Amino acid sequence: MTFPERFSNLPDYAFPRLRRLLDDHAPGGAPLHMTIGEPQHAFPDWVTEVIATHAAEFGKYPPNEGTPELLGAISDWLARRYGVRVDPATQISTLNGTREGLFNAALALCPEQKRGQRPAILTPNPFYQVYAVAALAVGAEPVYVPATAATGFLPDYAALPGELLDRVAIAYLCSPANPQGAVADRDYWADLIRLAEKHDFRIFADECYSEIYRDSPPPGALEVAREIGADPERVLVFHSLSKRSNLPGLRSGFCAGGAESLGHIKRLRSYAGAPLPLPLQRVAERAWADEAHVADSLAQYRRKYAIADEILGTVPGYRPPQGGFFLWLPVADGEAAALTLWRGTGVRVLPGAYLSRAVNGDNPGAGYVRVAMVAPEQEMRHGLMRLRDCLYG
Ligand SMILES: Cc1ncc(COP(=O)(O)O)c(C=O)c1O
């Protein structure tokens, strides 16, 4: 039996690695999981009602690209949130969560060659792991670009050599960023879009944390592209109900952008896509149309930011996240810190290096742990106090 070479260097996923690191050791207190980015605020009550009302539609094949009603609700949301009006019929595709979309859009849109050479795909480092797997799957060269304190925790793609940028087919950018919590402002997006125009590549903007932020709503790539008059094909945005509406199990998101790019994505999806069951599309339609539950969840995250600031504010190197629900905390060695914390207190966090790649011997995540602020407030407060006393006491 032979297996593909292209995935042979893929490290194990972060969570099996974490289990290997910690599970042979007894926890030093009641276990508290602060590892997985799984939202735990309540989802709206009406979710189950909508599913029940439309249960008979489990008996039908659902439309691949989304019902017209769902596409309309998404288009209205984009207009309300970003002031951008996109055509629901041609410029949006529903997704089974953003993860599959971030992967499949690369399959649909990355060319075999760029200017006669192997294409490159840019990803921040550290990063959400699907970006790298998408690059490998399409035979592109993944280029891991540091997103560290020195670059404001977002990648400085413009600093890459011009010959490399000319080979770039796709640049991933996550804002608010997982894991660093950095938010790309208007200038950052505008500069990146201009760079994409100059070197003729597409931007895949992972905005799945867009509704979780500290002060003001993060700007989106689509609105900035519109503001600067960029080619609408330059930018694809990816959004999800997983974080916005506390519905990670619904597996519902969408991507939006230029009609030509969306046409390619939808065509591939019509062959190989897995559409969302119709009753769940009805839930998604209602969720994009409702902001009350989003505001309620945001208020809870804002209290969590305040708790984190209160408990960790005096820790050297603590940086309040601008958005998202992760803390990216500096430590001497992330793996050693995660183990010490588990053995000393029972609090479980993720070593930063499991979310990043070593480039020329330097792993920009190695000196960090990632902490998810998803547990109920009191639980989170106690977890952070145990963490502070154990790692920084
Ligand atoms: C940065 C980032 N992008 C995408 C996703 C995928 O989310 P979903 O597929 O649930 O929309 C996640 C999930 O944790 C994430 O952290």
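Let me begin with a definition: on a 1 Å grid over the protein atoms alone, a cavity is a set of points where a 1.4 Å probe fits but cannot get out, whereas a pocket is an open set with protein on both sides within 12 Å along at least five of seven lines; lining residues have an atom within 4 Å of a point. Grid points are joined across faces, edges and corners, and a volume is the space filled by probe spheres set on the points.

Two remarks on the source are needed. This is a predicted model, in which local features need pLDDT of at least 70 and side-chain atom pairs count only at pLDDT 80 or more, while totals for chains, interfaces and linings use all residues. Residues are numbered from 1 along each chain as its sequence is written, and side-chain values use heavy atoms, with hydrogens and water left out.

I turn to the cavity. The search of the whole structure finds one cavity of 30 Å³ or more, and the volume of this largest cavity is about 50 Å³. Its lining includes Pro-124, Phe-127, Tyr-131, Phe-153 and Asn-178. Which classes of residue make up this lining? There are ten nonpolar, two polar and no charged residues; here Ala, Val, Leu, Ile, Met, Phe, Trp, Tyr, Cys and Pro count as nonpolar, Asp, Glu, Lys and Arg as charged, and the others, Gly among them, as polar.

The largest pocket has a volume of about 530 Å³. Of the 25 residues that line it, Tyr-13, Gly-37, Arg-99, Tyr-128 and Lys-243 lie nearest its centre. Helix 1 (14–22), helix 4 and helix 9 each give two or more residues to this lining; helices (H or I, at least four residues) and strands (E, at least two) are DSSP runs, numbered from the N terminus. The second largest pocket holds about 160 Å³ of space, and among the residues lining it are Val-183, Arg-214 and Gln-322.

Where is the ligand? It takes up the space of the largest pocket, in the sense that more than half of its atoms lie within 2 Å of the grid points. The ligand is surrounded by 14 residues, the closest being Thr-98, Asp-206, Tyr-209, Ser-240 and Ser-242; a residue counts as near if one of its heavy atoms lies within 4 Å. Helix 4 (98–109) gives the largest share of this shell, three residues.

Three of these residues deserve attention. A polar side-chain atom of Asp-206 is 2.6 Å from a nitrogen atom of the ligand.

Finally, the backbone. Most residues other than glycine have a negative phi, and most peptide bonds are trans. The bond from Ser-175 to Pro-176 is cis, with omega near -10°, and the bond from Asn-178 to Pro-179 is cis as well, with omega near 15°. Pro-176 is in the loop between strand 5 (168–174) and helix 7 (186–199). Arg-115, which is not a glycine, has a positive phi of about 50°.

Definitions and conventions:
Polar contact = N/O pair within 3.5 Å; in protein donor to acceptor, adjacent residues only side chain to side chain.
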